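These are my notebook entries on one structure. I set down what I looked up, entry by entry.

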Amino acid sequence: MDGMTVQEVLAFAKILEENSNKFYSDAAKKAKLPNAKKFLDELAREELGHKELISNLEKKIDAGGDIPKITKKIKSLNISDFVAKHGLDDDADFIDILAVAMNKEKEAVKVYSTFAASLEDGKVKELFDFLINEEKRHLRRFEDDYDDYTDEMSHKKVSELIKKMRGR
Ligand SMILES: [Fe+2]
Ligand SMILES: [Fe+2]
């Protein structure tokens, strides 16, 4: 299969961001904890912002014709696979959301790193470097929350166990 063009790479990145936006707004609707809801809404807005950055750069490239070179062939990525993987069940709780979100952000970092490493220096590479940092920041937040949340759960389990033991 042929490698992707810069235009295809940008189009793919836009779909990825759209998809992330949809994932987080859906998750925000499902989240029961007010803090989680707020946090997920914020993430949804940020992903939408990423999509807008990509669109703006696309427009600039279309207008100016200044297309950066791909220095390393980028294999076509299967968009449908990417889109299908990240659904949430209706009864998903915050920990399920976190687990899927962490995977999502990890994949975004991976895909953008591939793009950035394959492009000559220029505005598109700069954008991908920026997006890599953004998605790493998202990932970090989820990892921290995941740690806190799972800690909380095990604390709860331990205190339930102590209560049970005392009751005996
Ligand atoms: Fe994003
Ligand atoms: Fe993200």
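**Entry 1: burial.** I call a residue buried if 20 or more other C-beta atoms lie within 10 Å of its own, exposed if 12 or fewer do, and partly exposed in between, with C-beta atoms placed from the backbone. I note that this is a predicted model, in which local features need pLDDT of at least 70, side-chain atom pairs count only at pLDDT 80 or more, and totals for chains, interfaces and linings use all residues. Residues are numbered from 1 along each chain as its sequence is written, and chains are lettered from A and ligands numbered from 1 in the order in which they are written.

I looked up Lys51 under this rule. Lys51 counts as partly exposed because it has 18 C-beta neighbours inside 10 Å. Its place is in helix H2, where helices (H or I, at least four residues) and strands (E, at least two) are DSSP runs numbered from the N terminus. For contacts I require C-beta atoms, placed from the backbone, within 7 Å. Leaving out residues up to four places away in sequence, Lys51 touches Lys14, Glu17, Glu18 and Asn21. I also find its C-alpha 9.9 Å from that of Asn19, 32 residues apart along the chain.

**Entry 2: overall make-up.** I count five helices and zero strands in the protein, and the order from the N terminus is α-α-α-α-α. Of the 168 residues, 23% count as buried. Among contacts between residues at least 6 apart in sequence, 75% join residues at least 24 apart.

**Entry 3: helix lengths.** I compared end-to-end distances with the expected span, which is 1.5 Å times one less than the number of residues. H1 has 25 residues and reaches 36 Å from its first C-alpha to its last, close to the 36 Å expected. The 31 residues of H2 (residues 34-64) should span 45 Å, and the end C-alpha atoms are 45 Å apart, which agrees.

**Entry 4: buried positions.** In H1 I list Val6, Val9, Leu10, Ala13, Leu16, Glu17, Ser20, Phe23, Tyr24 and Ala27 as buried. In H2 the buried residues are Phe39, Leu40, Leu43, Ala44, Glu47, His50 and Ile54. Those of H4 include Phe94, Ile97, Leu98, Ala101, Lys104 and Glu105. I keep in mind that an α-helix has 3.6 residues a turn, so residues three or four places apart point the same way.

**Entry 5: helix packing.** Which way do H1 and H2 run relative to each other? Their axes, lines fitted to C-alpha atoms over the stretch in contact, are 8 Å apart at an angle of about 165°, with angles running from 0 to 180 degrees between N-to-C directions. Angles under 35 degrees count as roughly parallel, over 145 as roughly antiparallel, 65 to 115 as roughly perpendicular and the rest as oblique. H1 and H2 are therefore roughly antiparallel. Their crossing is left-handed, meaning that the near helix is turned anticlockwise from the far one by less than a right angle, whereas clockwise would be right-handed.

I then turned to H1 and H4, whose axes come within 12 Å and cross at roughly 165°. This pair is therefore roughly antiparallel. H1 passes H4 in a left-handed crossing. Val9, Leu16, Ser20, Phe23 and Ala27 of H1 make the contact with Ile97, Lys104, Ala108, Val111 and Phe115 of H4.

**Entry 6: nonpolar cores.** I define a nonpolar core as a set of buried Ala, Val, Leu, Ile, Met, Phe, Trp, Tyr and Cys residues joined through C-beta atoms within 7 Å. The largest has 17 residues, and Val9, Tyr112, Phe115 and Phe128 have the most contacts inside it. Helices H1 (6-30), H4 (94-118) and H5 (123-167) each give two or more residues to this core. H1 supplies the largest share, five residues. Phe115 touches Val9, Ile74 and Phe128, not counting residues up to four places away in sequence. A second, separate core of 13 residues includes Phe23, Tyr24, Ala31 and Ala101.

Entry 7: Are Ser118 and its surroundings buried or exposed? Ser118, found in H4, counts as buried because it has 20 C-beta neighbours inside 10 Å. With residues up to four places away left out, Ser118 touches Ile70, Thr71, Lys72 and Ile74. The C-alpha atoms of Ser118 and Lys73, 45 residues apart along the chain, are separated by 6.7 Å.

Lys106 also lies in H4. Lys106 counts as partly exposed because it has 16 C-beta neighbours inside 10 Å. I find 7.6 Å between the C-alpha atoms of Lys106 and Lys136, 30 residues apart along the chain.

Methods
Two residues are in contact if their C-beta atoms, placed from the backbone, lie within 7 Å.
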